[in-house]
Amino acid sequence: MKYSCIAILFISSVCMAQSVDLASKVDPFIGTSAALTKGETVPRIDQYGNTLPGAVRPFGMLYWGPDAVNPIPGNRNNFYRFDDTSTRGFSLTHMSGPGCSIYGEVPMLPILGVPSEPPPWEPAPYEAKFNPKDQAAEPGYYAVKLSSGIYVQLTAEVRSGIAEIQFPATGGVHTILVDLSRNLIRVNDAEVHLQGRMITGSVTGGEMCGKQNHYRVYFVMQVEEEPTKVGTFNEIQVTQGDGSRQGTNSGAYISFPQAIRTVHVKVAISFVSVANAKLNLNQEIPGWDFETVRRDARAVWNQVLGHVQVHGGSEVQQRIFYTALYHALLHPSTFSDVNGEYLGFDGQLHHARGRIQYANYSGWDIYRCQVQLITMLMPKVGSDMAQSLVADAEQGGGLPIWSMANEEGGFMVGDSSDQMLASIYAFGGSEFDTKAALKAMLHGANDPDAHSQWDVERPNLKEYLRQGFLAEDAANPYGAASITLEYANADFAISQFAKALGDSATAQTFLKRSANWRTIFDPDTRYIRPRDRDGKFLPGFNPGSGIGFVEGNSSQYTWMVPYDLSGVIAAVGGSEEANARLDQYFSQYGTWRGGPYFLIENEPSFCDPWIFNWTGRPWRAQEVVRKTLVDLFTDARGGIPGNDDLGATSAWAVFAQLGIYPEIPGVGGFTLNSPIFPEVTLKLGAHEVSILANGAPDKVYVKEIALDDRSITNWWIPWSEFSQAKQLDFTLSAVPDKAAGHIPPSFAPAEHESRLQHPSVDHDLQASVR
């Protein structure tokens with residue numbers, strides 16, 4: 001067997017068996033179409049995964065791929081769709097799976113002929129048509145045959161990329177067009193400089209989801225072949241020759257004679273300067289060998305995907321799994337340049353020494369299971385992501401809520417950096433400034449004036465500290481009940497992080513604060529409900545109503561207390577009542593139209609299937625997880641149930657297929673379900689652990705579980721044990737084993753410890769942890 005040693009951004013040197021081509025099991029087109037349910041013909045925006053095929057490395061800064069034709073400035077839904085038949089170019093910056101469109105700067109478009117009309121003013125002639133079936137994609141690579149006969153191939157390094165463009169034998173002059181007048185949301189400013197074979201410049205964009213976020217990306221584009229014509233343009237005129245343009249409608253082109261049929265284009269970006277973009281390009285891709293860069297990109301993806309080696313199952317099941325793992329490892333994105341420089345949240349130049357600075361944290365989404373997945377597989381990457389958040393807080397005034405580039409995005413709710421930091425530490429990512437992290441967490445949790453740049457870190461914190469909940473404004477609902485729960489979850493994460501660092505006083509204080517979910521639990525209806533300014537629950541209760549909740553309803557959010565599920569189950573009336581409610585809850589899939597049902601496409605529902613492990617019916621957890629995977633996660637282009645949210649939903653699918661799930665953000669450990677694959681090898685940093693499932697994938701129910709031959713009866717494995725183990729064994733069965741056993745841990749202050757009363761559940765003394 002031959003081996004190749006590859007240097008990659010987060011591991012100094014890795015030797016990998018070339019015969020293991022896991023990249024071939026990935027289909028980047030999954031998630032690019034709508035996940036229609038039975039009987040539906042017209043898709044809703046929430047049914048798209050919003051993923052994007054493109055040339056990108058794991059956690060890459062450059063994400064080079066196709067864009068929708070004629071995106072509307074300010075429109076939130078300018079996303080690539082597989083069935084689109086035209087494009088205005090292949091831009092250098094993207095996100096995978098967001099709910100609002102963003103980035104899309106510096107679109108490159110090969111055309112036949114020389115531009116005569118200014119592209120910003122007359123865009124129609126500069127649209128490239130293609131048949132969707134003429135596209136191809138793999139990790140690190142994208143290609144398409146345009147209707148003009150032009151064949152475009154893209155591949156990437158971390159911050160740079162190279163294209164090989166083959167023009168047809170006929171058609172006249174061959175041109176590379178760069179129109180900076182459009183991105184995927186709004187261009188606020190741009191400049192372009194053209195000199196011979198090189199185009200440089202910058203674009204300022206932002207306003208994602210209609211907020212006041214902005215960023216500037218710098219770029220360099222260089223061609224190998226000698227051009228015969230070059231020029232610049234704006235919305236008024238096209239001018240031949242070298243030159244510069246300033247303004248939102250700037251652009252440039254480089255043309256070649258018909259005899260030159262193959263053109264190579266290299267690109268790189270930086271969020272610091274054009275000089276750094278050039279440095280990124282020169283260090284990452286010094287030559288012009290397209291195939292070498294493509295092979296290296298595939299090899300790096302193989303190494304990263306190889307942290308999880310699955311065996312058995314069908315070809316389709318492996319494709320679904322590895323595509324989900326691929327999507328989960330695209331973000332957060334590298335933000336520092338090859339020299340370590342990056343622009344901080346204070347707008348100043350900083351240097352990441354001995355680490356990578358990361359950006360693009362979809363915090364509300366990825367704190368639930370994605371950072372846990374990344375960290376357990378690559379603890380140095382997780383540590384660097386944590387230190388990046390700490391640096392953002394030190395430079396921007398507070399921990400980010402939802403960051404993009406070096407800006408606070410200002411959307412979604414809660415204080416999700418607390419859960420991300422605590423979870424990264426709990427799953428082995430300890431190489432960051434934990435003292436500074438706790439300081440930043442406490443600042444945001446205790447100071448009502450704490451801001452992440454322009455955005456308040458915890459809005460209405462005074463109210464929360466005074467009475468333990470946020471009151472809903474009935475005339476202008478803003479999701480007060482959801483935000484209360486998010487603050488309580490963040491408080492719990494702080495308590496666990498402080499405890500791990502030896503700060504028992506802070507741990508106890510915030511564990512008590514985490515019980516604030518009880519302030520909005522209605523003992524009459526036995527649901528989480530919003531209160532008004534007078535402390536009264538809002539009238540006209542409907543568990544399927546979204547009033548008082550963010551992207552969800554009372555039926556879904558009542559369970560969003562993963563750290564104290566024993567307390568929630570007791571509050572709703574005990575195990576039998578909880579099981580009856582859960583059976584109804586899982587009787588059908590919810591939609592964004594509402595309804596009191598499980599909604600896997602939105603993150604507050606992520607932990608819900610495993611609640612049955614706490615109610616004494618673990619076989620129901622096994623049924624629900626398997627049904628969800630089979631029904632909603634497929635290898636079709638619409639195979640992701642809703643926005644992938646920068647990999648969050650895909651991370652859920654990865655864990656669900658492995659049979660382990662990090663149910664409690666901030667706590668290192670897994671609750672369990674039946675695995676899909678009979679054999680899995682996990683590379684947890686330098687340590688390997690095997691997961692064996694005798695009877696998978698056909699059998700759904702778990703009969704026995706053992707960790708290194710020690711029986712597991714409480715459906716929970718602490719990270720401290722799992723990370724040191726050699727083998728986790730599942731014995732599966734075709735029929736459910738209804739012996740409940742012990743229940744997994746819950747965490748509550750002493751005055752709120754719950755002991756559920758159900759004859760089939762053996763509640764040991766560790767059911768609630770002080």
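Which residue's side chain meets that of glutamate 138 in a salt bridge? I looked up the pair, and the partner is arginine 294, at 3.3 Å from N to O. I used this cut-off: a side-chain nitrogen of Lys or Arg within 4 Å of a carboxyl oxygen of Asp or Glu.

**Ground rules.** I am working from a predicted model, where local features need pLDDT of at least 70, side-chain atom pairs count only at pLDDT 80 or more, and totals for chains, interfaces and linings use all residues. Residues are numbered from 1 along each chain as its sequence is written, and side-chain values use heavy atoms, with hydrogens and water left out.

I went back to the opening pair. Glutamate 138 sits in strand S7 (residues 128–138) and arginine 294 in helix H2 (residues 290–305), 156 residues apart. Helices (H or I, at least four residues) and strands (E, at least two) are DSSP runs, numbered from the N terminus. Glutamate 138 has a relative accessible area of 14%, so I logged it as buried. My classes are buried under 20% relative accessible area, exposed over 50%, and partly exposed in between, with a 1.4 Å probe and protein chains only. I then traced a network of salt bridges that links Glu138 and Arg294 with Asp21, Glu291 and Arg298. For the structure, I noted 29 salt bridges.

Next I checked arginine 88. Its side chain forms a salt bridge with that of aspartate 179, at 2.4 Å from N to O. Arginine 88 lies in the loop between strand S4 (86–87) and strand S5 (90–91), and aspartate 179 in strand S11 (residues 174–179), so the pair ties together parts 91 residues apart in sequence. I marked both residues as buried.

I also looked up aspartate 564. Its salt-bridge partner is arginine 518, with the closest N and O atoms 3.8 Å apart. Aspartate 564 is in the loop between helix H12 (554–557) and helix H13 (565–571); arginine 518 is in the loop between helix H11 (504–513) and strand S29 (521–522). The two are 46 residues apart. Are they buried or exposed? Aspartate 564 is buried at 2% relative accessibility. Arginine 518 is partly exposed at 26%.

**Largest pocket.** I read its volume as about 800 Å³. On a 1 Å grid over the protein atoms alone, a pocket is an open set of points where a 1.4 Å probe fits, with protein on both sides within 12 Å along at least five of seven lines. Lining residues have an atom within 4 Å of a point. I found 39 of them, with Cys209, Phe411, Met412, Val550 and Glu551 nearest the centre. Helix H4 (363–366), strand S28 (455–456) and helix H10 (480–500) each give two or more residues to the lining.

**Backbone checks.** Most residues other than glycine have a negative phi, and most peptide bonds are trans. Where did I find a cis bond? One joins histidine 331 and proline 332, with omega about -5°. Proline 332 is in the loop between helix H3 (315–328) and strand S21 (333–334). Another cis bond joins alanine 696 and proline 697, with omega about 0°.

I noted a positive phi near 65° at glutamate 207. Glutamate 207 is in the loop between strand S13 (198–206) and strand S14 (214–223), and is partly exposed at 22% relative accessibility. Aspartate 709 also has a positive phi, about 70°. I logged aspartate 709 as exposed, at 75% relative accessibility.

Technical notes: Grid points are joined across faces, edges and corners, and a volume is the space filled by probe spheres set on the points.
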